Amino acid sequence: MPRSKILYQCQSCGYSSPKWLGKCPDCGKWNSFSEEQRITKLKSQKTAEPVVLSGISASTGSRYTTEIKELDRTLGGGVVMGSVVLIGGDPGIGKSTLILQSLKGLTKLGRILYVSGEESPEQIKIRADRLRIKSDKIILLPETSLEGIISVAQKINPQIIVIDSIQTIFSLELPSAPGSVGQIRECATKLMFFAKKHGVPLFLIGHVTKEGAIAGPKVLEHIVDTVLYFEGDKGNPFRILRAVKNRFGSTNEIGVFEMQESGLKEVDNPSELFLSERPLNVPGSVVTVSLEGTRPLLVEIQALVTASSFGVPRRTALGVDYNRINLLIAVLEKRLGMHLGSMDIFVNVVGGLRIDEPAIDMGIIAAIASSFKNHAIDTGVFTFGEVGLSGELRAISQAGIRINEAAKLGFKKGIVPANNSNNMEESAIDITGAKNVEEAIEILMF
Ligand code: TYD
Ligand code: MG
């Protein structure tokens with residue numbers, strides 16, 4: 001007989017407790033506990049046989065292309081058989097569109113089971129028409145019960161399974177509501193077992209909560225093999241697909257898309273796109289080079305420095321870490337003697353990008369200094385480098401790749417950390433090394 005008991009589980013991280021708690025001791029969230037029922041099966045399990053590592057024959061080449069280059073790259077070179085991929089993102093960002101488009105290329109593998117708990121088959125048909133996808137290999141299943149899905153999957157034996165979205169699926173064995181941590185964990189695990197057993201790739205679509213995490217994020221992230229986040233601004237057509245966990249590839253890769261009338265279009269040269277609307281000869285705009293995985297990305301950083309009309313000046317950071325901005329402002333004040341204490345400062349990475357790499361520090365510093373001094377930086381100039389607390393400009397990785405990308409897009413001059421420029425071979429463009437921010441700003445602005 002299954003033994004069941006009630007327990008309380010944090011809906012954010014999955015921590016469980018026999019009593020209700022106001023604050024989760026694990027993730028620190030308030031008011032996140034709800035009642036769940038845990039079913040403990042007392043069945044004895046068959047134990048696995050130990051095997052010698054060298055005796056295992058594993059085929060590493062079983063990857064399948066989705067025929068969407070940006071998606072393949074983010075996945076680490078295509079879809080791996082039997083892998084579980086979670087695609088997270090805000091509602092309306094284009095997750096269903098992305099997955100439907102990728103199925104077009106994957107139909108050559110065989111039958112695809114598309115489980116939709118959110119939309120009716122008619123709605124999906126309308127989307128497919130819009131994307132010009134016609135295939136008799138895509139089978140739609142408007143079902144939300146886990147048991148129903150598994151029994152259909154056993155019957156039709158699909159080569160790929162898509163669950164859109166995991167939050168709508170529930171198991172009849174659990175009394176808790178769909179979308180709760182217990183349900184998500186149970187459904188994702190059962191589906192994963194099915195996928196691994198039959199060697200079929202499983203795509204799970206997951207919603208992001210208000211706080212910016214996939215509901216029950218920790219719970220899902222450790223179950224699946226790959227976690228991709230689909231990001232972007234609602235008012236902006238650009239979308240970025242980012243790998244945050246990947247058992248089959250690098251997590252630094254990104255894919256760039258543009259949402260158009262007839263679906264997502266791949267962006268082959270994102271740098272060109274991000275710089276396409278750059279205002280020329282305007283103070284506060286600087287181009288810097290970030291590296292996303294193996295790809296250099298030229299981005300424009302804009303800063304606006306204005307006198308504050310309130311006692312406490314405002315600091316706003318879009319696309320970069322807020323604390324990093326404060327740190328860089330402090331460096332500007334101390335090392336360059338700029339009086340920013342009574343100024344409102346806004347910093348934005350253009351195009352809705354989010355960059356966490358310290359290599360763009362120098363770009364941020366230059367943008368703020370340029371706006372503060374009301375002095376435009378030459379349009380053919382770019383800069384990068386990590387800035388330390390004493391104002392030193394630190395070398396960054398892969399400087400050569402970054403400079404080449406800038407040269408390709410027609411930039412004439414680069415201000416880079418001195419240690420990077422010293423270790424460099426001949427470059428097609430004028431590269432100047434700077435040891436610290438004073439030197440760099442001096443070259444950039446005068
Ligand atoms: P959707 O894939 O439904 O988002 P999600 O599954 O992440 O909730 O995409 C929703 C948005 O994309 C919707 O606002 C309309 C837009 N869209 C286009 O602009 N062009 C298209 O070809 C499609 C299919 C959608
Ligand atoms: Mg959707």
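Helices (H or I, at least four residues) and strands (E, at least two) are DSSP runs, numbered from the N terminus. With that in mind, α2 gives the most to the shell around ligand 1, with 3 residues.

This is a predicted model, in which local features need pLDDT of at least 70, side-chain atom pairs count only at pLDDT 80 or more, and totals for chains, interfaces and linings use all residues. Residues are numbered from 1 along each chain as its sequence is written, chains are lettered from A and ligands numbered from 1 in the order in which they are written, and side-chain values use heavy atoms, with hydrogens and water left out.

**Stop 1: ligand 1**

Select ligand 1 and the 16 residues around it; a residue is near a molecule if one of its heavy atoms lies within 4 Å of it. G92, S96, T97, Q260 and G263 come nearest. Now colour α2 (95–106), α3 (121–130) and β13 (254–260), each of which supplies at least two residues of this shell. By class, you will find 4 nonpolar, 7 polar and 5 charged residues. Here Ala, Val, Leu, Ile, Met, Phe, Trp, Tyr, Cys and Pro count as nonpolar, Asp, Glu, Lys and Arg as charged, and the others, Gly among them, as polar.

Next, look at individual atoms. An oxygen atom of ligand 1 has an N or O atom of the T97 side chain 2.5 Å away. At G92, a backbone N or O atom is 2.7 Å from an oxygen atom of ligand 1, while at Q260 a backbone N or O atom is 2.7 Å from a nitrogen atom of the ligand. Ligand 1 exposes 560 Å² when taken alone, and the protein buries 76% of that (Shrake-Rupley method, 1.4 Å probe; for residues, only the protein chains shown count as cover).

**Stop 2: N246**

Move to strand β12 (residues 238–246), where N246 lies. Is N246 buried or exposed? N246 is buried, at a relative accessible area of 10% (buried is under 20%, exposed over 50%, partly exposed in between; 1.4 Å probe, protein chains only). Its side chain makes a polar contact of 3.0 Å with that of T226 (a pair of N or O atoms within 3.5 Å; within protein, one must be able to donate a hydrogen and the other to accept it, and residues adjacent in sequence count only if both atoms are side-chain atoms).

**Stop 3: L53**

Finish at the loop between β3 (33–40) and β4 (63–64), which holds L53. L53 is exposed because its relative accessible area is 72%.
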